[in-house]
Amino acid sequence: MASVDLKSVTKRFGATEVIHGVDLSVADGSFCALLGPSGCGKSTLLRMIAGLEPVTSGTVLIDGADVTLVPPAKRRIAMVFQSYALYPHLTVRGNICFSMSLAGEPKARQNERADRVARMLQLGPLMDRRPAQLSGGQRQRVAIGRALVRDPQVFLFDEPLSNLDAQLRVAMRLELANLHNTLKTTMIYVTHDQVEAMTLAGKIVVLDRGRVAQVGSPLELYNTPANKFVAAFIGSPAMNFLPASIRSGNGASLEAAIAGDRSLTVARRNGTALAGPGNCEIGVRPEHIQLVDPGAPNAIISGTASVVERLGNTTYVYVDTPSGRIIVEAGGASPIATGANVGLSVDASQAHAFGADGAAL
Amino acid sequence: MSVADAADVAVATAVRAETGRGSLRPVDGTGFVLTLLTVLGALFWIFPIYWALVTSFKPEEDVVQPGIKLWPEHFTFENYSFVLLNTKIGLWYLNSLVTSGAVTILVMLMSAMAGYAISQLEFPGRRLLWWLILASFMVPIPALIVNHFVLMSQFGLINTWAGVILPQLIAPVTVMIYKQFFDSVPKDFREAAIIDGATELQLLWRLYLPMNKGITTALAIITFIAAWNNFLWPFLVATSEPMMNITVGITQVTDAFGVKYARWLATAALAALPVAALYLIFQRRVTQAIMLTAGIKG
Amino acid sequence: MGLGGQQKITALILVGPFVLVYALLFVYPTVNMVVMTFTDSPLIGWGKWVGFQNYIKLASDRLFSTAVWNTLYFVVLSVFPSTLLGLIIALGVNRLTGYWQSAVLAAFFIPYILPVSVVFRIWQWALDGEFGIYEPLFRGFFSSNMSIYRFIPAFMPVVAAVTVWWLVGFNVLLFIAGLRNISSEIYEAAELDGATRWQMFTRITWPLIWPVTVLVATIQLILQLKIFDQIYLFANGGRTEATISLVQLIYRSAFFKNQGGYGATVALVLFVLIVVVSVLQYQLLRVRGSR
């Protein structure tokens with residue numbers, strides 16, 4: 001049970017800097033996800049918290065104590081690796097007891113603690129098997145068990161669900177959520193899957209090429225993205241971006257013209273003064289766009305429905321417009337047909353504006 | 001560079017390698033020592049070769065002086081020129097080249113063809129042949145030297161190239177590796193080529209072999225090296241000096257110049273030159289081939 | 001003829017040369033060898049059938065038991081050190097990266113590609129009784145100008161050491177391949193679990209590399225049982241009978257004493273020995289693996 005803080009942490013591999021002065025605070029007992037595409041540095045950050053990767057500069061604190069130079073085994077952390085890293089030559093029991101046997105604990109105590117963990121994760125019947133004889137989901141539970149038995153103050157997860165098939169992934173996600181609710185230990189979870197992050201985490205840190213793009217709760221990131229990167233990464237299907245030019249604006253809102261001279265008034269996140277008329281991008285999520293007649297007065301833009309995906313509970317319509325391809329989420333019963341001309345009406349209160357540098361305006 | 005200088009460089013680089021990644025890591029003392037030991041071990045390991053080479057470039061009088069000179073005071077080629085001009089080394093080279101080359105070409109051809117047939121074709125006795133090849137692993141060639149000698153003498157091939165070459169054509173490992181690699185070519189390629197009208201031979205030559213060019217090179221190099229380095233059999237079969245392999249020749253012909261260390265070492269260097277060059281040029285292929293052959297035996 | 005028949009013909013053409021060579025140079029001599037053990041044939045030509053006489057002679061032949069003892073002694077002296085050393089060197093080399101790793105690996109491996117006679121010359125020179133560079137190390141052993149390996153009790157250890165120097169590169173290569181197969185995440189997990197370097201070696205590396213260790217040891221074992229070249233070269237000019245190996249005995253009996261049948265008998269014994277060792281290896285691997 002401990003907080004984790006990173007202060008100005010930088011990481012360089014040779015001449016290449018991969019993490020650029022990251023600051024991070026994870027509250028005690030919370031579930032924090034490090035989210036981002038491959039290569040953004042999330043695993044590197046996790047490994048620096050674990051102590052498996054030395055920090056080039058900056059400080060790592062666990063429960064307020066500076067652990068930057070402390071070896072991993074002494075940080076009272078446990079880690080579940082992406083490939084589980086189970087010792088192939090040991091049984092499940094052997095794997096779980098490994099750290100205790102290294103420390104020379106008496107066998108009785110080892111078994112007692114191992115059995116306790118096994119009960120919690122329903123590993124009882126598997127205790128004498130080898131990893132090679134287990135399924136993916138079972139192996140993952142053993143990996144969690146091995147981490148659990150160390151009674152750590154912080155749990156680290158490195159993309160633990162990415163090796164599982166889709167159905168199993170959903171089931172394990174629930175188990176992990178349950179685990180956190182039961183143990184209430186601080187958990188830091190690395191993933192590239194925004195669904196996992198959104199469903200499991202109380203707080204998400206979005207990383208873009210070694211920098212923190214935004215930190216916030218799932219809904220915060222969803223509703224008020226701070227930049228185009230976060231806006232595009234969170235939410236599926238992804239947000240649509242329409243090129244626009246700024247007509248006018250003040251601290252509270254701005255008016256932008258979308259191709260075809262229709263304009264939109266969008267509320268602003270960033271209260272600073274506008275640099276002046278220029279170009280920007282308007283971001284709108286598929287569920288905030290409505291299909292209307294092409295000539296309707298509230299249609300911002302119009303185009304042709306090139307692909308219609310019907311999923312039963314909802315329909316995704318891909319509309320080709322002069323501003324590019326726009327995804328619209330229509331109702332399950334939408335009568336739209338492929339090739340039809342449609343107009344798109346945008347709920348301006350749900351739209352976002354992003355400047356040329358990607359930051360929210 | 002003297003041995004001491006080389007060690008200094010090694011130490012400095014080792015220190016950099018250990019602490020280069022991430023300057024905030026506490027210095028890993030044991031790790032550094034281990035790396036240092038490894039590098040020193042390598043230097044120690046290669047020293048005898050270095051020493052032999054250096055000696056071969058010293059004039060004979062310098063060689064028998066007391067004291068250790070790690071670099072020749074008088075650097076000379078006289079040992080090499082003497083050997084090249086006054087012994088049959090040219091003939092030995094020729095013999096080695098011819099026999100090793102022939103063994104390599106023949107083994108590669110036969111193994112590729114047989115490996116392909118066993119891998120891809122159905123024919124009577126296929127299983128039996130495979131078991132035979134596996135069995136030949138067990139029988140050590142040195143155990144057969146007597147019978148091979150007898151056989152070669154029955155054909156009148158003692159002291160001839162053919163006599164040296166023939167028994168070396170038994171190479172189960174090559175066939176097994178080819179079979180393994182041919183097995184792993186996806187069936188789709190074969191079927192596409194058959195639809196295009198390829199015959200079996202064309203399949204072998206224009207599909208399976210080109211797709212495995214890498215191991216062909218690797219196996220060829222390693223077969224050549226093994227044939228070049230072979231001692232026991234060429235030693236038995238070549239009964240006269242002009243027919244000797246170079247590896248045999250350099251140990252047999254010592255009386256010609258008495259105890260002349262530098263010259264002996266010069267001949268040894270000349271004998272090792274081709275295979276050493278092959279290795280240095282094709283390092284990766286050689287190591288790959290070695291691992292393959294071990295994989296087969298395991 | 002049908003497609004199948006066409007395939008058969010092509011197949012027979014393809015395997016033809018191979019089968020021919022195998023039949024002539026493997027099957028025939030092997031069968032001959034076995035048959036010969038029951039005759040008193042000289043090297044060339046046939047003798048008469050003598051039943052098990054050769055085997056009986058073998059059992060009481062002092063030279064044979066010397067050869068067996070020497071061969072086994074040599075095997076113990078060379079196989080275990082070269083296997084262990086191979087692992088140790090591989091652990092060291094595996095920690096290096098890039099150019100350094102290639103250079104160090106090459107240093108340990110180059111001896112392996114040298115012909116045995118070149119290896120002999122290099123070490124004959126280095127160990128020379130008068131001018132050898134390692135001679136000062138042995139000066140304490142005796143006063144004469146003999147090279148260390150002329151000293152009979154030292155012969156096998158010295159030749160074994162040279163053999164280890166020659167062949168260890170092969171073992172190192174195999175061990176490195178095996179070590180690379182152990183995912184680094186396992187070591188990281190162990191690091192997290194608090195394992196010391198030594199514990200990582202004994203609890204993780206050693207058990208996981210065991211199959212490679214057995215493989216290396218067996219390959220070396222089978223290889224060294226057939227020892228001839230180095231012993232012949234180093235013993236030449238000295239008391240060769242004291243240090244004779246099994247293959248040397250074959251050579252001697254057949255080529256010097258013109259006893260083809262007897263030589264074949266020794267060869268058969270060697271063959272059986274190798275088969276037994278190979279089977280033992282298989283069993284050893286299986287037993288350990290399932291524990």
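Domain bounds here come from an automatic or database domain assignment. I am working on a predicted model.

**Entry 1: domains of chain B**

I looked up the domains of chain B. The assignment gives domain 1 (3-56) and domain 2 (84-297). I then checked where the two domains of chain B touch. I took residues as in contact if their C-beta atoms, placed from the backbone, lie within 7 Å. On that basis, 4 residues of domain 1 of chain B meet 6 residues of domain 2 of chain B. I sorted the domain 1 side by class: 2 residues are nonpolar, 2 are polar and none is charged.

**Entry 2: chain B against chain C**

Next I turned to chains B and C. I found 73 residues of chain B and 69 residues of chain C in this contact. Which element gives the largest share of the chain B side? I traced that share to helix 2 (residues 29-56) of chain B, with 15 residues. By class, I noted 54 nonpolar, 16 polar and 3 charged residues on the side of chain B that touches chain C.

**Entry 3: chain C against chain A**

I moved on to chains C and A. Here 14 residues of chain C are in contact with 16 residues of chain A. Which elements of chain C give two or more residues to this side? I listed helix 8 (184-192) and helix 9 (197-225) of chain C. Helix 8 of chain C holds the largest share, 6 residues. I classed the side of chain C that touches chain A as 7 nonpolar, 3 polar and 4 charged residues.

Key:
Residues numbered from 1 in each chain as written. Chains lettered and ligands numbered in written order. Predicted model: local features only at pLDDT ≥ 70, side-chain atom pairs only at ≥ 80, totals over all residues. Nonpolar A, V, L, I, M, F, W, Y, C, P; charged D, E, K, R; others polar. Helix = DSSP H or I, 4+ residues; strand = E, 2+ residues; numbered from the N terminus.
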